[in-house]
Every structure is written in C-alpha cells, then in structure tokens.
Amino acid sequence: MSALRPPRLHRRRAAALALTALVITGCGLQPDARQTLDAAVGGEVVGDEASSLAGGDAAATGDAAAPDVPGAVEAAPGDVTTFLGGGGGPGAGPRSASGGGGAPGTAPGGAPGRAPGSSGASGPAQPTSKGSTVGITDSEIRIGIHAPLSGASPLPQESFETGKELYWKGKTVFGRKIVTEVLDDTYKPSGAVRVCQEMARRDFIVLGGAGTDQIQACARDRSLQRTKTPYLSAGVTENGLAAIPTYFALSLTYPQQAPLVIENARRQDFLLKKNASGESKWAVVISDTPNFKDAQSSMEAALTAAELPYKTFLTSKSPSNADATSLANELRAYNAPVVYFLGQPTFFINVVANTSNSLYTPVWTGVGPSMALNAVANVACPSSGNRYDGRFLHPYQGFDKAPPEFLKAGGIDDIQLSLWLSAEILHQQLLSTKGVLTREAFMAGLEGSTYSSNGLPFVKITKTDHFGGLAAFSLKSDCSKRQYVTLFDGKPLYAK
C-alpha cells in the first residue's frame, strides 16, 4: 500500500511562487488524475486534444473587435489597485487608495468604479479596444465555479450552491450585477475539464472550487488559454502551472506553505513534541502523484532545515479502507508525535479513526485548505473518540471568526465563508481593471496589485509571479464543538 522512504532532501523544482478560491481546494487526488509534463519542457500546456470550442463561438476567441460586442464595460481608469485596509477591523471592506478626492470606488474624474458594498449602477460605456467580453452583458457579469457536487468529496455540497452569491447580494460592479453558476466536476480532472470548457464559452471568469487535480487540469487546458479565460483558484500544486498566463493562485501554494507549517508548529510548541520514548520526529504522509511532488520535496526540505528526523509514507492515489488500516499500523509502529498529511480528506478521516482505535494520537498537521474544514473535524472527532488533534493551515480564518456582514447575510458554514472572502478579493480585482473590462484587461489589472481580506494584505500578483498568496491562518480542532477554531487572535501567518 505505502512505500516507506528514508529521509532525504529533495530539490524543489525551479518554479515561481504561488481561493475558493478558491479556498476550498486541496481535496486530494482522483484515479483518473492526468500525468502532467515537467516544467523542464517549457510549460507546454497539457489539455484534452478535443478541447477546441464548438459551434463557432467567435465571442470566445478574443479576436473580435470590442465595438462589435455590446456588453463591453468601461472600467475606471486609474482605479483602486492597492487595498491595504489600514484600520479596517474584521468585516471592514477594502478602501479606495486612489487620489483625486473621489468617493471610495470612484476614480478621479468621476469614472464609474464602485467599491465593495456599493449598490449604485453605472451605464455601459462604448468600448474602445479589442478584447474578449464573453460573460458580460448590459446588466450582468457572469462567473463560473467548478466544484465536487458529486463523487467522493466530503464537502457539504449544498454550501456551494447556497454560498455562491451570498457576498454579491445588493452589490454591482460597474453597474452590473454578478451572476454565478456552480457546475459539478464530479471530483475528477476529466469532469473538471469538461465543465471548465463549458463555462469558458459563457462566463467571464472561471474559478476552481475544489481538488488539486481538478484545478491543475483546468488551468492547463488549452481551450481556456486560447479564449483568454481568466482561471483563478486557491493555491495548490505548482506543477506545470508557473508558465500559464491565464492562471492565478490567490492563496499560498503547497510549497510556499511548508515553512509556515514549521512556524505554525513552533508557535504552538509541538515542533519538537516527544513520544513516550523521548523522540522528536515527524511522519510525512502524502499521495504518490506528480501534483504532490512539490509539496513533498518542500516539506522534506523544511524538516531538514529544522534538523528534525522524519520518514515519508507514500500512499496510493486511490486508497482503500484496507490501505487506511495498513497506514495506521505503519504510523503507530514509527510512533512519530507529529504527522504531516496531504491527501484525500475521506482517506485522512479513515486513517485518524484507525490510529485512534490503537490509542496512537499524534498531532496531525499540514497545509491548507482541505483538512482544516469543519466537514473534516465533524467526522474525525467522533470517529477518534474525540481524541483528534488537528493543527492545519487554511487560506482564510475559521467560521469562529466570520465577519458580522457574512453572518448577517445568512452565512452558516465555513464553505460559504470561504466563498464570501474569495468573492471579496475578486470584487477588488474586478475594480482594479483599467479601461474596457475585457478578459485581457482584467488579467493585466491583476499584475502589480495587492488585495486584502478583512482589511489585511492577502494577495499580490506580479507579471512574473501568478502564485500570489501572502499568508495563511492557523486552525486547531475543537472536538467539544466538532469544528476548527482560529488561533493567534485571528491574525494570519505571513510567508517570508
């Protein structure tokens, strides 16, 4: 089932640094995960050979002149591109950083930008440049999200549907309301590619809602790049994604989070936790797949730098219940006080239950976002006799630190909260577009800008680095509530 590897330092591949966002994304690997090309081949995009758009969708090609597209929207020239929210507490919306004495969200000269929270509308402007305005009408801007609404995902599926427009109620962007759709990717890369291609034909932006393999497959699909479709997600793997101009990671990638896993353990005083024999060591459990190799090598490097002994346990890409029992036995025999885990959440829950049955109860830790979801704690706690101790990173704060505006709008869980906070960032990003709002202009506006979440700097995209995450939150399981709580007074850990 699993391979036991001796400690050794792996070289991290030369790739640039990194929502739910989206922010609900690292949900493990599926049996049909595609083998991707190594970065050494020059970032060649791997996608389905039959990925060309059918039906002669000229608007999706990005080659038609904008004057022929009546839905083009005039963005605010020189509008807000930096949101450092100084003085903004929890729930505080991003503030305008532009000059000219205009109201928040309004550019100098009265351009029709709107700040998050604004309900005012602006009329459509005459387009003045070429570019793709697919997904934009006189009254709407369409956004597509793919998520595992079926399949083996442990996520509360209804939360995607009920949470997709929670943030956008009563708000407009350049006089248009935001209309979102969520399509089922069946928790498989092939399903994700299918629905991403479908959304690229009618939605302005596509967001990756869950699954490392699903996100990687959509980001590398040729049709999304041919049509200049912006594809945004939470940070997951960097494998084969650094050279894709239409892909943007809006939180820290797995490799970027590795040093923060160490820092998180140090701050909570379990970095050097000892077992009954007085040994301080870690186990690294990770799915044996190309899309997790960068996470593996970066975590092994971080442990080596911390001078901590460890062993790496590689698990099957499609583990069974028997695999969970076998891995639990191997972990109990190795007896590490701390276990780093990256794989399928359902498999993780099964392993936790098996180890707890043998009274082996380590600290479970790792990168975000998958294991720090309340859907995981809600099962891991009772299945372990409430002995589960999870200390994971997450792109956003837990539900216990939900902004008042979110709760007032009817938010009820952390999936919806992640959608809300990623939408807050997306709102800022849309407003930072200069000139005509096209797909090309939107992506150009992302580069060089910093965006905040709850008043704190959270994402910074540059021309050479589309892995834009800056920080992660520390969440700890609370089995008395069967959920995670946010540590460090709700303040994030910033990557160096």
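## A parallel sheet

In strand E4, the bridge partner of Ala147 is Asp184. The model is a predicted one. Strand E3, residues 140-147, pairs with E4 in the parallel sense, over 8 bridges.

These two strands belong to an open sheet of 5 strands. The order is E4-E3-E5-E6-E7, and the pairing is parallel. Strand E4 (177-184) and strand E7 (247-249) are the edge strands, each pairing on one side only. On average, neighbouring strands of this sheet are turned by 25° against each other, direction ignored. Strands of a sheet pair through backbone hydrogen bonds, either parallel or antiparallel.

## Confidence

The protein chain has a mean pLDDT of 78. Of its residues, 73% reach 70 or more. Over residues 1-128 the pLDDT is below 50. This stretch still has 361 contacts in the model beyond near neighbours in sequence.

## Asn354 in helix H8

Helix H8 covers residues 345-357 and contains Asn354. Asn354 has 19% relative accessibility, so it counts as buried, the cut-off being under 20%.

The side chain of Asn354 takes part in two kinds of interaction. With the side chain of Thr325 it makes a polar contact of 3.2 Å. It also reaches the backbone oxygen of Asn350, at 2.8 Å. Leaving aside neighbours within four places in sequence, Asn354 is in contact with Ala324, Thr325 and Ala328.

## Helix H12

Helix H12 spans residues 439-446. Of its 8 residues, 6 are buried, so the helix is largely enclosed by the rest of the structure. The buried residues are Arg439, Ala441, Phe442, Met443, Gly445 and Leu446. Just after H12 comes Gly448, with a positive phi of about 90°.

## Leu475 in strand E16

Strand E16 runs over residues 471-478 and includes Leu475. The relative accessible area of Leu475 is 2%, so this residue is buried.

Leu475 and Arg391 are 84 residues apart along the chain. Their C-alpha atoms are separated by 5.8 Å. Arg391 is also one of the residues in contact with Leu475, once neighbours within four places in sequence are left aside.

Key:
Residues numbered from 1 in each chain as written. Predicted model: local features only at pLDDT ≥ 70, side-chain atom pairs only at ≥ 80, totals over all residues. Heavy atoms only, no water. pLDDT = per-residue confidence, 0-100. Contact = heavy atoms within 4.5 Å. Buried < 20%, exposed > 50% of the residue type's maximum accessible area, 1.4 Å probe, protein only. Helix = DSSP H or I, 4+ residues; strand = E, 2+ residues; numbered from the N terminus. Polar contact = N/O pair within 3.5 Å; in protein donor to acceptor, adjacent residues only side chain to side chain. Pairing = 2+ DSSP bridges. Axes fitted to C-alpha atoms, helices over the stretch in contact; angles between N-to-C directions.
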